Amino acid sequence: TGAQIGVTGLAVMGRNLARNLARHGFTVALHNRSPERTRRLVAEHGDEGTFVPSESLADFVNSLERPRAVIVMVKAGGPTDAVIDELVPLLDAGDIVVDCGNAHFDDTRRREVALREQGLHFVGTGVSGGEEGALLGPSIMPGGSTESYAKLGPMFESIAAQVDGVPCCVHVGPDGAGHFVKMVHNGIEYADMQLIAEAYDLLRSGLSASPAEIAEIFRTWNSGELESFLIEITADVLAHTDATGQPFVDVVLDRAEQKGTGRWTVQSALDLGIPITGIAEATFARSLSGHADQRTAAARAFPDTPGWQVADRDVFVEDVRKALLASKIVAYAQGFDHVQAGSQEYGWQIDRGAVASIWRGGCIIRARFLDRIREAYDDQPDLPTLLVAPYFAKAIGDGVPSWRRVVADAARAGVPTPAFSSSLAYFDALRRDRLPAALIQGLRDNFGAHTYQRVDRPGSFHTLWAGDRSELAG
Ligand code: 6PG
């Protein structure tokens, strides 16, 4: 009998996934392009379980029980294709190739079709939780066929994070569904972090507080509705003092980088016509932070900052907390809308309650209120927007006055809050009885005869703007 699962690509994520599997009693075949990494894993952690190391890919494949399950954990894009191309001729019908990297879901769909034509299963799997998650319990989002999940499910569910005895792993849907959901997870991660960063900036300028003092505020917030991994580590990062004696956050260059999953999320949402404004603002805020020359030029041209007059510190802190919660709800609502749109477009039948459930633990955006999101979608699978689910409607209703004060005060003080303010604008737009979109339709008809619909009768219409302004029904 051979190994139950194999991992090729033993950089930190692959290595930790392999160790996690072995620690849970699975026999794990190991392979890495340079055998040094394989040897090191066995030397350092061989006692954690049963590993079957191989130096060649052929030996690695032969060491696996059938149907084989091979996790590919190499860089997304070209390197993943290269490994798959090498692997495929060595496999037999019914074998399963699992890509646990951050692949684009379109690549996953393409690869799934190509491998299916060869009688193989290809399972694009989102894995969240960073290095530590991979080792101690990540959130796992597998796509691919139902047959492949029959083999992978028990292994993945056993190594995943567990919340209230429920594993943070579910078969998300066919082909690219898993990587799509992981992509949206990352988009929400961007929005969440941007909102936290804006809250920090507001507190710092509004209260003239030190990062260590703000760390305490975040620590307090982490024991309430905002409880989440990202709030927890925010307190950690803000409280950290650099070797120079300065707050760590003050010695880090203020240009946020990205590997691309946030950008993919926004691109996909544009294609699907889903307004994920919070995620988009967060992604653009990172881009803006990187435009150093423009920032320097603008700072020189407009040096004056109005500044703050915070009347009551406690009220302000509570306002920022409520604004953060409301904006965060908007970001998640938009992300779940995006999941639904992708599911419809690609025929995935994704259960949003199940997605919320597997994000409760292990992943970067794990948060107490994901339980409430799960409840909301379980109670009403066709919920039009998360904003109207009772728990969230109440949180937003309670937060609206604070939200408005924070956004208005920030605008007056010259503190940029792109994610806070665009989330508020999204909320106000969504609930508005009449939007000025009617005027846009009029303009489109005026300059381009693009036609419009009327509120009082069906059909499409065009006004003869350059003529006698009579209306034609189309
Ligand atoms: C996770 C993370 C991870 C992501 C990093 C960096 O779920 O474990 O989302 O997959 O790669 O957070 O992303 P950026 O470099 O784009 O910020």
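Q: In which helix is valine 315 found?
A: Valine 315 is found in helix α15. A helix here is a DSSP run of H or I with at least four residues, a strand is a run of E with at least two, and both are numbered from the N terminus. This is a predicted model, where local features need pLDDT of at least 70, side-chain atom pairs count only at pLDDT 80 or more, and totals for chains, interfaces and linings use all residues. Residues are numbered from 1 along each chain as its sequence is written, and side-chain values use heavy atoms, with hydrogens and water left out.

Q: Why is valine 315 called partly exposed?
A: Buried means under 20% relative accessible area, exposed means over 50%, and partly exposed is in between (1.4 Å probe, protein chains only). Valine 315 has 40% relative accessibility, so it counts as partly exposed.

Q: How far apart are the C-alpha atoms of valine 315 and serine 402?
A: They are separated by 9.0 Å. Along the chain, the two residues are 87 residues apart.

Q: What makes threonine 108 buried?
A: Its relative accessibility is 0%, so threonine 108 counts as buried. Threonine 108 lies in helix α5, residues 105–116.

Q: Which residues is threonine 108 in contact with, leaving aside its neighbours within four places in sequence?
A: Contact means heavy atoms within 4.5 Å. With those neighbours left aside, threonine 108 touches Ala103, Phe122, Gly124, Asp175, Gly176 and His179.

Q: Why does aspartate 175 count as buried?
A: The relative accessible area of aspartate 175 is 16%, so the residue is buried. Aspartate 175 sits in the loop between β9 (166–167) and α8.

Q: What is phi of aspartate 175 near?
A: Phi is near 30 degrees, a positive value in a residue other than glycine. Most residues other than glycine have a negative phi, and most peptide bonds are trans.

Q: Is alanine 449 buried, exposed or partly exposed, and why?
A: Alanine 449 has 43% relative accessibility, so it counts as partly exposed. Its phi is near 50 degrees, which is positive in a residue other than glycine. Alanine 449 lies in the loop between α20 (437–448) and β10 (461–463).

Q: Which kind of peptide bond joins arginine 66 and proline 67, cis or trans?
A: The bond is cis, with omega about -10 degrees. Proline 67 is in the loop between α3 (57–62) and β4 (69–72).

Q: Why does the span of helix α19 agree with what it should be?
A: The expected span of a helix is 1.5 Å times one less than its number of residues. For the 14 residues of α19 (residues 418–431) that should be 20 Å, and the end C-alpha atoms are 20 Å apart, so the two agree.

Q: Which residues of α19 are buried?
A: The buried residues are Ala419, Phe420, Ser422, Ser423, Leu424, Tyr426 and Phe427. Their cover includes α8 (177–207), α13 (277–290), α15 (313–346) and α18 (390–413).
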